[in-house]
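User: I'd like to go through this protein with you step by step. Could you take my questions as they come?

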Amino acid sequence: MIFFPSFSKIRILIHRTFHPLDRHFLQQQQPIRTISTQQIYDCNVQIGSLVRAGKIEAARHLFDKMPKRDVVSWNAIVTGYWQNGFLQESKKLFELMPVKNVVSWNSMIAGCVENARIEEACEYFHKMSKRNTASWNAMISGFVKYDRIDEASKLFEEMPQRNVISYTAMIDGFAQNGEVERARALFDQIPRKNSVTWTVMISGYVENGKFDEARALFDLMPEKSVVAITAMITGYCKEGKMENARSLFEGIQYKDLVSWNAMIAGYAQNGNGEEALTLHLRMLEMGMKPDHSTLISVLTACSSLASLKEGKQTHVLVTKKGFETNISVCNTLITMYSKCGSIRDSEVVFGELESPDLVSWNTIIAGYAQHGHYEKALSSFYEMGLNGLKPDGVTFLSVLSACGHAGKVMESMDWLGLMVSDYGVSPRAEHYSCLVDILSRAGKLEKAYEIIQEMPFEADAGVWGAILAACRVHLNVELGELAAKELVKLEPQNSGAYIMLSNIYAAAGMWREVTSVRWLMKEQGIKKQPGYSWTEIGNKVHFFLGGDISHPEIDEIHSELGRIGMQMKMADDFGDILFV
């Protein structure tokens, strides 16, 4: 949190040539002429306007032409430089200031914080002969921004006088650090809370998974701001309560981009890609301009629907809006194309990245793995290392997945060992789950069970689910019973374990046991989850749920399915005649 105006940095695609900043230049004799206080004020206002527009050279030119400058003039140009990304220039001008006030020092603290120079901010803070509350607040906010909560807390305790901004900064820091109880204790101490304080506390609860507390506090909030409502929308989305989130969203009279993004992201993350795309279209029709967060959510929705056409249209929008160099958007594009079955397009997007980051490499390796390109996945793994990037757990999970798709059983065992011995990456549950799945698919159920017993932590549902599915394929009743029992312990209401165990019994001809499992499901009130599928026709994605007849064209669909079924039967009968 910076307590000076925070303006957007505008990228200037020209080389800048700065005026020399030695004392001789700044002390040149100006033509002697009188200048009124009003003229100085007008120049200061113009400098501020130019700075906000990103025209720092023009602001500097006006500053240099001023026959007389006051401390406000200096503060405006010093602050303008760091706000436009030129901290060193700010520091040089600051040193040349004939008179510095507390605003000058505060500006340099804020500039250093904004540019990740927290130690230099500390130096300026300690050099100040006189500080005001804003000085302390700027320093505390800097510590909070860079997760130095203990130092922020120490400074907060030393403050001679606190205001609502001081408390809010510390509440934010404690919440970010997972210390929501300490955050709430501070919140309750504030005599006059503002909207920001309420919103920070509510967001802190949401981010730490304490949604009930967030909702209770939100209900007590006297005047609910758009930001606070958006925080609650995010909370409802995390809880999977999309109807509640949508109700809050529709209640916002003047929706901003952040609220649109929260709602679209909620639908995308909860598997309702179709609604995410519909809401995005409505947003565009209302004249809202998407940012990179919007496009990432829309691409995620396209991925979940495997809608290549919508994905390509969104890619066009990415280019049109100038986000084709945004690394996060590009990484999401790579994922989208891979999940939509077009690994070639993923390669094209990856190839256009100037400096792929670790996520970029992980994403393309995962894409190769999903498409069965084992050699390309390994080649990318080694190339990533040559580019100076160290693989993490996600990288190795993709490599193990590539081994699984290629049937490389022994290689998968070797990779699990290498990630520890050569790269110092500790395997997590998902790595063991992948390895168990590979061994199980290869029929090595006993070895898979040995891996489970040797794991340094308890097996999760993914591990037991993998071995249970393999027991059905390879008809291992004994191990299947054990896996089903463990899976039911972890997920009592998951019908999958019961269904798979029932199928294992049925394949083994153990009909009494099949009946027993079905009876147990009924007794526990567990219902089989219906299957679902979707297909893209034209510009619309059609979603189908097993047993559901709500589709508006259900009669035509049934009629066409009947016709196709009849044709298949006729073709089958004709094949039998030919065979005879």
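User: What share of the 580 residues is buried?
Analyst: In this predicted model, buried residues make up 42% of the 580 residues in the protein.

User: And how many helices and strands are there?
Analyst: The protein has 32 helices and 2 strands, and of its contacts with a separation of 6 or more, 57% are between residues 24 or more positions apart.

User: Which residues touch the most other members of the largest nonpolar core?
Analyst: That core has 159 residues, and the ones touching the most other members are Ile-77, Ile-109, Met-139, Ile-140, Ile-233, Trp-415 and Ile-467. The largest share of this core, 8 residues, is supplied by helix α28, which covers residues 461-474.

User: Take Ile-109, what is it in contact with?
Analyst: Setting aside neighbours within four places in sequence, Ile-109 is in contact with Ala-121, Tyr-124, Phe-125, Met-128, Ala-138 and Met-139. Met-139 is also listed with Ile-109 among the residues that touch the most other core members.

User: Switching to α2, which of its residues are buried?
Analyst: In helix α2, which runs over residues 37-52, the buried residues are Ile-40, Cys-43, Asn-44, Ile-47, Gly-48 and Val-51. They lie on the same side of α2, because they cover an arc of only 140° around the axis.

User: Why would residues three or four places apart point the same way?
Analyst: An α-helix has 3.6 residues a turn, so residues with that spacing point the same way.

User: What covers that buried side of α2?
Analyst: The cover over the buried residues of α2 includes α3 (56-65) and α4 (71-83). Just after α2, Gly-54 takes a positive phi of about 80°.

User: Last one, is His-280 buried or exposed?
Analyst: His-280, which is found in helix α17 (residues 273-285), counts as buried because its relative accessibility is 7%, and the cut-off for buried is under 20%. Not counting residues up to four places away in sequence, His-280 touches Ile-264, Pro-290, Thr-294, Val-298 and Leu-317.

Technical notes
Residues are numbered from 1 along each chain as its sequence is written. This is a predicted model: local features need pLDDT of at least 70, side-chain atom pairs count only at pLDDT 80 or more; totals for chains, interfaces and linings use all residues. Side-chain values use heavy atoms; hydrogens and water are left out. Helices (H or I, at least four residues) and strands (E, at least two) are DSSP runs, numbered from the N terminus. The expected span of a helix is 1.5 Å times one less than its number of residues. Buried means under 20% relative accessible area, exposed over 50%, partly exposed in between (1.4 Å probe, protein chains only). The arc is that of the directions from the helix axis to the C-beta atoms. Contact means heavy atoms within 4.5 Å. A nonpolar core is a set of buried Ala, Val, Leu, Ile, Met, Phe, Trp, Tyr and Cys residues joined through side-chain atoms within 4.5 Å.
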